[in-house]
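Student: Please take a close look at one part of this model: the place where the two chains meet. What holds there, in numbers?

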Amino acid sequence: MELILATSIGILFASGIWLILRPRSFQVIIGLLLLSYAVNLFLFITGKIQVNRPAFASEAVSFIEGLYADPLPQALVLTAIVIGFATSALYLVVLLGSRGLTGTDHVDGKELEHDE
Amino acid sequence: MLLLLILLPFVGALIAAFMPAHARNREAWFAALIALSGLLLTFSQYPVIAEGLSLRQEIRWFTAIDLNLVFRLDGLAWLFTALIQGICLLVVVYARYYMSPKDPVPRFFAFLLAFMGAMQGIVLSGNLIQLVMFWELTSLTSFLLIGYWHHRPDARRGARMAFTVTAFGGLCLFIGVLLLGHVAGSYDLDQVRQASTVIQAHPWYLAIVLLVAIGALSKSAQFPFHFWLPHAMAAPTPVSAFLHSATMVKAGIFLLMLLWPVLAGTPEWTWIIGTAGVCTMLVGAFLAIFQHDLKGLLAYSTISHLGLIVCLLGIGTPLAMVAAIFHTLNHAIFKASLFMAVGIIDHESGSRDMRALSGLRHVLPYTATLAIVASAAMAGVPLLNGFLSKEMFFAEALLVGSSSNWWMSAAAVLMGIFGVAYSLRFIQVFFGPVQTVKANPHEPPRWMRFPVEFLVLCCFVVGVLPELSIGPVLHGAAQSVLGQALPAYSLAIWHGVNLPLVMSVLAFVGGISFYFWLSRYCQLHQRDRVPLLHRLNGKAAYETTMLILAASAARLERQLSTRRLQPQLIWMILAGLAASIWLLSAWPTLSVSWPNDTLSLAFALLWLVGCSCAIAAAWQAKFHRLAALILVGGTGIATSVTFLWLSAPDLALTQLMVETVTTVLLLLGLRWLPARIAAKKLDLQASARDRLRRIRDLIIAISAGTALAVISYIILRQPDNATLSRFYLEKAIPEGGGSNVVNLLLVDYRSLDTLGEIAVLSIVALTVYALLRRFRPAIESIKIPPQQRNPLDPAYSQLPSEQAISGYLQIPGVYLRLLLPIILLVVAYFFLRGHNLPGGGFIAGLIFSVGLIIQYMLSGTAWVEARFKLQPHRWLSFGLVLAALTGAMAWYFDHPFLTTHTLHLDLPLLGKLHLPSAMFFDLGIFAVVVGTTMLILIAIAHQAVRSHRIPGIKTETDTAEERH
């Protein structure tokens, strides 16, 4: 499972990087979404892989090492997901405004001579 | 008390700024009142000072790094405070008559008071860092005052020059002070002053002296920084009278006196300070003779007199210090009166050019008398105050060096000669035939002349009765600088015939002959260039430096930076890549065992789909946006399932909801993004350059992905290390009162972070809203899309709400409306159980938003908003206020901000209920999340309603209005 997850994070990250290097603004927003998946997963796995051990403390069982997943990365990722939504929205609005104002969807607001 | 002395002018400045523009009298009265009450406060402290004690007030702030607000008032500070406030009071009275009714007076008095406050701050500071802050504040406020007439280019230029030079000095001073405080072990002035031996023995001593000297000398317009002062004369004359006689330029002097016990007494000090003083004193006096502008002459004479004081400080004997303090006071008095007199001349005769004025004594007899007496004080004529301190200076100059070394005495006499010469040059405008620019000049109003009269009277009183009038104050000030080692000195007018007196006589005779020689043989009154020294042009050097700096900054910016996004991103990614490679190579024990993984087939399949979606999205995002969006959604679902699989149900829920909301958001956005036409259709071939670029990007992307994959794998294979989780899990139930640790982390353990986060969410939402208010869609996308314009479609003739009620969407419409209460119930369920099981404010808020959005999507904006007015702004503010109040409630119970408390209630029917205060915090989160999501989505959705309001195109709202 570690291998699958690590490879997948790598693939998501690579796709995201490829996209944010493209010149069209919509490509960049899709790239940002993919990047945020990759980064969130990456943050998440710093708590290691734990199956069927959600971080719910219980009164009956005292703390045992390895019985629960690490809650800290989870909390960090949770806020990261929500903030990610807000920044995507912001980027989307900037993208639309830029397209309306400049008449092009190039990220720099103007077409370069030798561009795709 | 001391704090009040500083706060009073600042508060006054604030009030003065908001007074009506034409109430000249009221504002002047107000400013005068502030200055007067400050002055009275100062005088009320005199009994303490007179006993040789000092006052101290301390407000602790950041004790760990010795950063406290400390105010102290000793003899020296008292003298300066009285001087600042006294001159300010006179200047305010004078300015009332000087300023024209057309000038925006509130601004003037506000700046003036703020400047006075900043000066008080310098004088009363007992902490070095605090002192530098007030120091910078004087630079800033003097910039505003010098540039008061900002419609005039010379005022702007002069203000900028003064600011650049003094702020540069301020920066040096700041560094110097930091070094000083570090060496002394404290920034507290009283402690620094006791650490003199440690500081002087330290290897940094020279650096400290140099940096402090640059700061002080640039402020006091000392050579080679003197050039800003004449250009600052573009300020209104009251400003010049205040800043350039008694305050701004004296700040440097004050600092040197303040640090004199710490830094002085070494050859380095004498050489640096003394040399600068002597150069300034001679250069300034010489240049003053050749000015044609009355204020320019006074500016250079100020430079010269400041040079004299700095020179005295450089000499460094205790008696020289007494002379320096005395001359500071004397110079402030006669120079302020001279500036005001020049202002009167300018005001009445229409010019300050000495070539255009003469014989003014016939039309301005009183002003002429006053100005002549004041300039006699400036020249050092006996029975006036300037004479006494100049005698003391001559006496000290004689002591420098041995009996064979007489260069200092020569310089002093030379300076005296020049001083007499420019004083003669100054009073020459009063003699000869009457010649003015403005017709019918006459004496100014009574109260405009009053400040000058008062100051000239001071010159006289101090000159005749020095011991009685100024003796005790001077004694106190000198004692506070010198400590117990106060030398015996006498302030008498007549010391008998001694060497200083001979030097004075020499200076007078020399000065008078020099002046007449100059006007006879050198065309003094016509020549435009200063002889000998005209190449010494500080202004040109300054402008050249600024030009070079600006040009090189622009060149650097051109070469090192770009406004294009892609190069910036590439460099960022490459830097990250390099960092990760460096990290990997530096990893000490990379013991990664090859997998003995239990390969889960289902998990592998899940990510096969997830990765394929990601790659396909990357491939399709350019021309097939909708497809790319759907594919990204696929990856999002895979991520969400992974969270669920790997014991993070909260994350899975959040991810799923955010996925939904993001997709709706991008769909709404796609509506405004005109289609791209595929290159294949246009029959375009990518150029070789483009191919190369793509290959490069592909290599970068793949290597970045590989790097992250490797790092992830290494992290996953590392043995478990002790993390913080144990603490959180153990304390969850006993102290947090809940078992869902992830939720507890958000609302309890790290609630301050969450408070910040919801603030960010609100800010982003408002930004999106603001950006969309001025939104101009692309022209191609303004029309209703063709899919909705097909007349064959029965929905063509229906509005969205009709489609949902009676059209083809009738059945889904019924379902979704039925679903709304159920969704609300689910929201309540997830919200309430959040403390113990997956759920909480974030998740509930997102579900709530999704429930509303589907209503919007199905029935259209107009239909929903006719029935249900959601006001997202209010949700935002309610949520933020609730969260902050919940946190602040803890203060009421004497706990730190955001401490939570759980209330255990026993209610009838419901049974045992525990009610943590974190729940109200969570409710705040809920409201902010709903507000943010809905504000963003509704703002975008409303564009459809807004943009259709173009003539000829009927919209839903229009039709609805017609029906009413």
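Tutor: A salt bridge here is a side-chain nitrogen of Lys or Arg within 4 Å of a carboxyl oxygen of Asp or Glu. The model is predicted, so local features need pLDDT of at least 70 and side-chain atom pairs 80 or more, while totals for chains, interfaces and linings use all residues. Residues are numbered from 1 along each chain as written, chains are lettered from A in written order, and side-chain values use heavy atoms, without hydrogens and water.

Arg564(B) pairs with Asp108(A) in such a bridge, with closest N and O atoms 3.5 Å apart. Arg564(B) sits in the loop between helix H26 (538-560) and helix H27 (565-586) of chain B, and Asp108(A) in the segment after helix H3 (71-102) of chain A, so the pair joins two chains. Helices are DSSP runs of H or I, at least four residues, numbered from the N terminus. Arg564(B) is partly exposed, at 29% relative accessible area. Asp108(A) is partly exposed too, at 21%. Partly exposed lies between buried (under 20%) and exposed (over 50%), with a 1.4 Å probe and protein chains only.

A further bridge links Arg625(B) and Asp105(A), at 3.4 Å from N to O. Between chain B and chain A the count is four salt bridges. Over all chains the structure holds 21.

Now the whole contact (heavy atoms within 4.5 Å). Chain B supplies 111 residues and chain A 84 residues. Together they bury about 9,000 Å², 77% of it on carbon and sulfur atoms. Buried area is the accessible area (1.4 Å probe) that two parts lose on being put together, summed over both.
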